[in-house]
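Q: I would like a close look at one part of this protein. Please take me through it step by step, and then show me what lies around it.

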Amino acid sequence: MSEYSFCFSTNMLRVYVILVICMHVCCASSDCTSHDEHDVVSQEEAERATTLKLGSIALLLVAGGVGVSLPLIGKKIPALQPENDIFFMVKAFAAGVILCTGFVHILPDAFERLSSPCLETTAAGKFPFAGFVAMLSAMGTLMIDTFATAYYKRQHSMGNKQVSVVEDEEHAGHVHVHTHASHGHSHGSTELIRRRIVSQVLEIGIVVHSVIIGISLGASQSVDTIKPLMAALSFHQFFEGLGLGGCISLAELQSKSTVIMATFFSVTAPVGIGIGMGMSSGLGYGRESKEAIMVEGMLNAASAGILIYMSLVDLLAPDFVNPRLQSNLWLHLAAFLSLLLGAASMSLLAIWA
């Protein structure tokens, strides 16, 4: 289990470093728009904006932490255990949140950024890169998902064969019983490994998006823009945390790994705000520069592809073809309504952010 924690921590650090490097590349670059808008910001308004940004760091930290922690705490509640029907509804709600995040929040932003008039003279202005990158991202997620699962399955099968050979030599009279026990254990372990891979890949997609929205808020100088963003992004992080926390709880990781994943999600948006504040004040970050638009659009598109794939293939499909769900009409309808409610909750937030 420690191997999973180490691999996850390493991958998360790599993603974070790449994001920071990409955003630094966008600093001190040519701006597509006039700087008049920034020049008219008074000192008083700039101080108010800074105060609101600092408040939003605390607000998003709490919202994300509470959201991702609720499903983990819910594992202790008997009604939310996987063997209970209500668990299907909770999981469907979380999947609806993640699916809506990809389709309604992230992908439109990617299209908007990569369709900017600033990019008309570049390759992005002549080709729909947003959809293309989202498609490649979904394909890449499929490859990682299947290859990683196959790799750990082979490793586990080899380990079972070695143990089986030793035990067969020592207990020749119990070969049949051992074979059945090993088969059941292997099936359960393979499913558990897949859940862990799903939770880790899903967190990567969500973390990328959280950093981007944090930087966008931190780089803003308008009080009128920051106020509604604070409220909308708080709910946004809360619901995203619910979806991610549900997947982490299914992965049955060690407590240390669970805390690492939950903490990493909780701090990404606040850290993104801090990065945005630093870039806008001291590093000359231009959100409307060609480089910034390209980087932000590409990262959003990649994140959307990951979340859409994971929600449909790894979260919704296995549950809605589950014999237990299909044999119970009321449970099937309840899960579908939970899916719609989760998607509707996140869709409503798209009015403000």
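In what kind of crossing does H7 pass H11?

A: The model is predicted, so read every value here as computed from that prediction. H7 passes H11 in a left-handed crossing.

Helix H7 covers residues 223-251, and helix H11 covers residues 329-349. Their axes lie 9 Å apart. The packing angle is about 155°. An angle over 145 degrees counts as roughly antiparallel. H7 and H11 are therefore roughly antiparallel to each other.

Now look at who touches whom. H7 brings Ala232, Phe235, His236 and Phe239 to the contact. H11 answers with Ser345, Met346 and Leu349. Sort the residues of this contact by class and you get 5 nonpolar, 2 polar and no charged.

H7 has another partner. The axes of H4 and H7 come within 9 Å. They cross at roughly 130°. H4 passes H7 in a left-handed crossing.

Find this contact on the model too. From H4 come Phe87, Lys91, Phe93, Ala94, Val97, Ile98, Thr101 and His105. From H7 come His236, Phe239, Glu240, Leu242, Gly243, Leu244 and Leu250. By class, the contact of H4 with H7 has 9 nonpolar, 4 polar and 2 charged residues.

Next, follow H4 to H9. H4 and H9 pack with their axes 8 Å apart. The angle is about 155°. That makes H4 roughly antiparallel to H9. Their crossing is left-handed. The residues of the contact of H4 with H9 divide into 19 nonpolar, 6 polar and 5 charged.

One charged pair deserves a stop here. Side chains of opposite charge can pair when their charged atoms come close. A search of the whole structure finds 1 salt bridge. Arg113 forms a salt bridge with Glu296. The closest N and O atoms of the pair are 3.8 Å apart. This pair links distant parts of the chain. Arg113 sits in helix H4 (residues 85-114), while Glu296 sits in helix H9 (residues 290-320).

Ser199 is found in helix H6 (residues 175-219). At 0% relative accessibility, Ser199 counts as buried. Leaving out residues up to four places away in sequence, Ser199 touches Leu244, Cys247, Ile248, Ala251 and Met261.

Thr258 comes next. Thr258 is found in helix H8 (residues 255-281). Its relative accessible area is 15%, so Thr258 is buried. Leaving out residues up to four places away in sequence, Thr258 touches Leu72, Ile248 and Leu253. Notice Ile248: Ser199 touches this residue, and Thr258 touches it as well.

Now try a spot on helix H5. Ser137 is found in H5 (residues 129-170). At 11% relative accessibility, Ser137 counts as buried. Ser137 touches Ala302, Gly305 and Ile306, again leaving out residues up to four places away in sequence. The C-alpha atoms of Ser137 and Gly305 are separated by 5.0 Å. Along the chain, these two residues are 168 residues apart.

Last, step back to the whole chain. The protein chain has 11 helices and 0 strands. From the N terminus on, the elements run α-α-α-α-α-α-α-α-α-α-α. Of the 353 residues, 46% count as buried. Now take contacts between residues at least 6 apart in sequence: 87% of these join residues at least 24 apart. The neighbours Ser137 and Gly305 span 168.

Note on methods:
Residues numbered from 1 in each chain as written. Predicted model: local features only at pLDDT ≥ 70, side-chain atom pairs only at ≥ 80, totals over all residues. Heavy atoms only, no water. Salt bridge = Lys/Arg side-chain N within 4 Å of Asp/Glu carboxyl O. Helix = DSSP H or I, 4+ residues; strand = E, 2+ residues; numbered from the N terminus. Axes fitted to C-alpha atoms, helices over the stretch in contact; angles between N-to-C directions. Parallel < 35°, antiparallel > 145°, perpendicular 65-115°, else oblique. Left-handed = near helix turned anticlockwise from the far one by under 90°. Contact = heavy atoms within 4.5 Å. Nonpolar A, V, L, I, M, F, W, Y, C, P; charged D, E, K, R; others polar. Buried < 20%, exposed > 50% of the residue type's maximum accessible area, 1.4 Å probe, protein only.
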